[in-house]
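This report describes selected residues and contacts in one protein model. The entry is shown first, and the notes follow.

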Amino acid sequence: MNNTVRARLAFSFKAEAYELDATIDLDRHVGEEPNFHLLLARTGGIDPYSYLYEVMESHEVVFSEATGVALQSCQDGGFDWSRFERDWREEQDLRVVREIAERTLGVRDLDGRSDLKAALLAAYRAGRANSAA
């Protein structure tokens, strides 16, 4: 499942109202927090070197309609990027561990075996940490 969030920003400049709205694919940005203002500006055709963009940056982006693990990071119109990345990495690790459990142990419901799940996750992460060192 893709991890997305809807980003919206409403403001006015020189008596003209602007309502920017975009659904952002968060998976494309893992590793570096996206500049949501810039993504919305591009969607709305706003030049990032304009006064209009400066005014736009002074307003808060409102987030909603998150999907995937991003759902846990989207609360009350805000978005917690650090939490999203942490949850995203956890989900990636779990995907690998679930595949290993099913392929080698025949366990199809790893969530029902929390002890085995914890052990496999620990072993996977230890192996990954040793290979990076």
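In which strand is Tyr-18 found? Tyr-18 is found in strand 2.

## Basis of the report

This is a predicted model, in which local features need pLDDT of at least 70 and side-chain atom pairs count only at pLDDT 80 or more, while totals for chains, interfaces and linings use all residues. Residues are numbered from 1 along each chain as its sequence is written, and side-chain values use heavy atoms, with hydrogens and water left out.

Helices (H or I, at least four residues) and strands (E, at least two) are DSSP runs, numbered from the N terminus. A residue is called buried under 20% relative accessible area, exposed over 50%, and partly exposed in between, with a 1.4 Å probe and protein chains only. Contact means heavy atoms within 4.5 Å.

Tyr-18 has a relative accessibility of 18% and counts as buried. Leaving aside neighbours within four places in sequence, Tyr-18 is in contact with Leu-9, Ala-10, Phe-11, Phe-13 and Leu-52. Between Tyr-18 and Ala-123 there are 105 residues in sequence and 51 Å in space, taken C-alpha to C-alpha.

His-37 is part of helix 1. At 17% relative accessibility, this histidine is also classed as buried. Not counting residues up to four places away in sequence, His-37 touches Leu-9, Tyr-53, Met-56, Glu-57, His-59 and Val-61.

## Aromatic pairs

Eight aromatic pairs are found in a search of the whole structure. Rings of Phe, Tyr and Trp (its six-membered ring) pair if their centres lie within 6.5 Å; planes under 30 degrees apart count as stacked, over 60 as edge-to-face and the rest as tilted. The ring centres of Phe-36 and Phe-79 are 6.3 Å apart and the planes stand at 70°, so this pair is edge-to-face. Phe-36 belongs to helix 1 (residues 36–44) and Phe-79 to strand 5 (residues 78–79), so the pair ties together parts that are 43 residues apart in sequence. Phe-36 and Phe-79 are both buried.

Phe-79 also pairs with Phe-84, with 6.0 Å from centre to centre and 45° between the planes, a tilted arrangement. Both of these residues are buried. Ring pairs link Phe-36, Phe-63, Phe-79, Trp-81 and Phe-84 into a cluster.

## Ser-73

Where does Ser-73 lie? Its place is the loop between strand 3 (62–64) and strand 4 (74–75). Ser-73 is buried, at a relative accessible area of 2%. Apart from neighbours within four places in sequence, the contacts of Ser-73 are Gly-78, Phe-79, Asp-80, Arg-83, Phe-84 and Asp-87.

## Helix 3 against helix 4

Two packed helices are described by the angle between their axes and the distance between the axes. Axes are lines fitted to C-alpha atoms, for helices over the stretch in contact, and angles run from 0 to 180 degrees between N-to-C directions. The axes of helix 3 (residues 81–105) and helix 4 (residues 114–132) come within 10 Å and cross at roughly 110°. Helix 3 is therefore roughly perpendicular to helix 4; angles under 35 degrees count as roughly parallel, over 145 as roughly antiparallel, 65 to 115 as roughly perpendicular and the rest as oblique.

Helix 3 contributes Glu-90, Asp-93, Leu-94, Val-96, Val-97, Arg-98, Ala-101 and Leu-105 to the contact, and helix 4 contributes Leu-116, Lys-117, Leu-120, Leu-121, Tyr-124, Arg-125 and Arg-128. These residues divide into nine nonpolar, no polar and six charged. Ala, Val, Leu, Ile, Met, Phe, Trp, Tyr, Cys and Pro count as nonpolar, Asp, Glu, Lys and Arg as charged, and the others, Gly among them, as polar.

## Exposed residues and positive phi

Ala-15 has a positive phi of about 65° although it is not a glycine. This alanine lies in the loop between strand 1 and strand 2 (16–25), and at 90% relative accessibility Ala-15 counts as exposed. Glu-65, likewise not a glycine, has a positive phi near 50°. Glu-65 is found in the loop between strand 3 and strand 4 and is exposed, with a relative accessible area of 53%.

Met-1 is in the segment before strand 1 (4–13) and is exposed at 80% relative accessible area. Not counting residues up to four places away in sequence, Met-1 touches Asp-27, Thr-67 and Gly-68.
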